[in-house]
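Me: I would like to learn how to read a model like this one, feature by feature. Could you take me through it slowly, with the general idea before each case?

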Amino acid sequence: LFLKDTDGDDKADVREVLFSGLDSADTHHAANNFSYGPDGYIYYQRGVFHVSNVETPWQSAQLSNKTGMYRFNPRTHRFSFHADNSPNPHGIDFDYWGYHYATDATSGRAFQVRMDKEKPGKFKMFPLLEKTVRPVPSSGIISSMHFPEENNGNFMILNSIGFLGIKQYTIDNKEGELWGTETDDLLVSSDGNFRPTDYSFGDDGALYVADWANPLIGHMQHNVRDPSRDHEHGRVYRITVDGRPLQASVAIDGQPIPALLDVLKHPTNGVRQRARMELSERDTDAVMAALQEWLKPFTGTTAEEAHHLLEALWLHQQFNVVNEGLLTVLLNSPVDDARRAAERVKYLWEIEGQLGAGTITVMDHSMHMDGDMEDYFAQELSPEPVMEGDTLHVQINTLKEQMKYDRVKFAVTPGMKVKLTLNNIDAMDHNLTVLQPDSAAEVATAAMMLGLDGPKKQWMPESDKIIAATNLLSVDDSETIEFTAPMTLGDYDYICTYPGHWQLMRGMMYVVEDREKWRAENPNVRGNDDFVREWAVADLSGDMDKLKSGRNLERGKELFTAASCVTCHQVGDEGGLVGPNLLDVATRLEPAAMLTELFEPSKVINEQYQPWLIELDDFDEVYGLITKQDEKSVHVIVNPLVSADATEISRDRITEMTAATTSTMPTGLLNNYEKEDILDLMAYLRSQVSAK
């Protein structure tokens, strides 16, 4: 929309639709990070769950299911698909020389966007760095006179799960091919609900960061309508550098054209961009005439002057005025970065048919008709397990955008040698961890309790319940592990331990006497045919009057162990000490209130079991449960599922202590059980009160 205020009341009197046809069905995949390029195009990205149906004056309507980056020119109304990026891309920026950057939210991958020399008229994403975090809502380049020189030009990644903050990378340029190397983190938060989602450098050179501030962000492991979602809070942080002056304000709005052209000499990307935007509303002939005068002193032999010439070329491109003379000068520039930027301008002018009688006449490469989404989801299922000598080779694939394994059952015999291969086809990070029977919830909870250490340890806790495990695999990664099947017959879980994944990403390895007989009796090993439902308080609150009679208390007791409640909670004298004694809870609370404790554990956190983040004087951090404290020290259990031994920390070392807002008890522990099972569990807990 173009909005204009004509009477000075700060309300738009003019409302003009410039561009439409964008889908809005899925908030995760919506068009995002609209970025105004130096060439005058507006760039944005959107995900695989959307389609677009855009009409322009240049060609027939462009119906597209293609996930990736698009470009739209608000002056000429040219519109086109720009480059593939899947499955849910967020993050776009340009640097001083016009090098183009992008990221994908789901996988956390970062890219340099360059011309595809193998496919004329196309652009392509090239890997920019070795990714260590995900998901990435936004990314970009540091450009501020207020920030130290060693930060300027660095690439930032904003991450919102696991690592909560902003990663920073130095950029190495090898003949126009960029590579990022991780350096000091720019921002880290100890608030478990910190969700940095976008940023902007202000006129003062400070960095402004938008914080979504929400405890629930997933749309797979949490329902979109989950009442725990926070619809009210959100924050913007302003980051400045101690001891450094703020960036001087630059007058732009309403300034004469020659003054605006001089702003194009400014070292800061955002300031120059504002000058270009202000110039865009001026008369084309007036701007071009003033630009020719502004160019006269520059020879282009130095990097600084070459950049001035490049800004002039970009201005021609923005105003849709071809200047082949200036283009030729820059194509032969002694400054490599300027020459490469000119090559990109030439490439786009050829695509648009404005050079060489349309050497590259590719204006319809955004015409991606039906089938692209199907192409994205299309994948081969893993082959059937086969014997390789005396070893059973089992291959399991992840399913794209479903947070599931494609094989949820397989059988082995006692002591059999097993070779297990996990192929991660999905864009999210996943692993596969084979466990002892009835220990999935316990190990998943221990992984979540790793807290700030989770990314470093690949969300793999120390536990004697783990039989074998792969590393955490990124998209298209594969790993094979080998182990010997247990000698004891039984049902052995396998799960992904990344926080929030295990409720859906789980399967079962059956140790059986006769594998062939088991295979004949279990033809469906592909789909997840086990019951899975995300229970809410409202689903069972009307059944609380059914607890007093007719319930299977033995089944309830079994479920108390199977769901790993016993790992953290006692009933009477049996069980763990991580959470409150459930006998006390049942005595204190009515059944409906107990349901809330089960399904919404973070709603009210018992002070005795409150997790704390403790920051130390050497910048180290400890996250855990405080068992006791006095004037001299604080005793903390870091991961009670691994060890109940407390670590003593001297008060002299502590710089700050912050109470976490999220309970250590995960949600979804009962998602694999039927309503009658949960009622039996509740009845068992209530029966212990009566017995007492």
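Me: Among contacts in the protein chain between residues at least 6 apart in sequence, what percentage join residues at least 24 apart?

Reply: Please keep in mind from the start that this is a predicted model. Of the contacts between residues at least 6 apart in the protein chain, 61% join residues at least 24 apart in sequence. The chain holds 692 residues, of which buried ones make up 53%, and its secondary structure comes to 15 helices and 37 strands. Its accessible surface is about 31500 Å², with 49% of that belonging to carbon and sulfur atoms.

Me: Where is His266, and why does it count as buried?

Reply: For a residue in a loop, one reads the location, then the accessibility, then the partners. His266 has its place in the loop between α1 and α2, and it counts as buried because its relative accessibility is 14%, which is under the 20% cut-off. Its side chain reaches the backbone nitrogen of Thr268 at 3.1 Å. Leaving aside neighbours within four places in sequence, His266 is in contact with Met145, Gln247, Val250, Val271 and Arg272.

Me: And is Arg407 buried or exposed?

Reply: Arg407 is buried, with a relative accessible area of 1%, and it is found in the loop between β23 and β24. A polar atom of its side chain lies 3.4 Å from the backbone oxygen of Pro383.

Me: How do I read a sheet, and what is the order of the open sheet of three strands?

Reply: The order here is β18-β19-β20, with antiparallel pairing. Strands β18 and β20 stand at the edges with a single partner strand each, so one side of each has no neighbour in the sheet. From one strand to the next, the twist averages 20 degrees. Five bridges pair β19 with β20 in the antiparallel sense, and the bridge partner of Tyr208 in β20 is Arg238.

Me: Which strands stand at the edges of the open sheet of five strands?

Reply: That sheet has the order β24-β30-β29-β26-β27, with mixed pairing. Its edges are β24 and β27, each with a single partner strand, so one side of each is left without a neighbour in the sheet. Neighbouring strands are turned by 25 degrees against each other on average, direction ignored. Strands β24 and β30 run parallel and are joined by four bridges, with Tyr510 in β30 as the bridge partner of Ala411. Helix α8 packs on this sheet, touching β26, β27, β29 and β30, and its direction makes about 25 degrees with that of β29.

Me: Finally, which residues form the covered face of β28?

Reply: The covered face of β28 consists of Glu479, Ile481 and Phe483, whereas Ser478, Thr480, Glu482 and Thr484 form the uncovered one. Strand β28 pairs with β25 in the antiparallel sense over seven bridges, and Thr421 stands opposite Thr480.

Technical notes: Residues are numbered from 1 along each chain as its sequence is written. This is a predicted model: local features need pLDDT of at least 70, side-chain atom pairs count only at pLDDT 80 or more; totals for chains, interfaces and linings use all residues. Side-chain values use heavy atoms; hydrogens and water are left out. Helices (H or I, at least four residues) and strands (E, at least two) are DSSP runs, numbered from the N terminus. Buried means under 20% relative accessible area, exposed over 50%, partly exposed in between (1.4 Å probe, protein chains only). A polar contact is a pair of N or O atoms within 3.5 Å; within protein, one must be able to donate a hydrogen and the other to accept it, and residues adjacent in sequence count only if both atoms are side-chain atoms. Contact means heavy atoms within 4.5 Å. Accessible areas come from the Shrake-Rupley method with a 1.4 Å probe; for residues, only the protein chains shown count as cover. Two strands pair if DSSP finds at least two bridges between them. Axes are lines fitted to C-alpha atoms, for helices over the stretch in contact, and angles run from 0 to 180 degrees between N-to-C directions.
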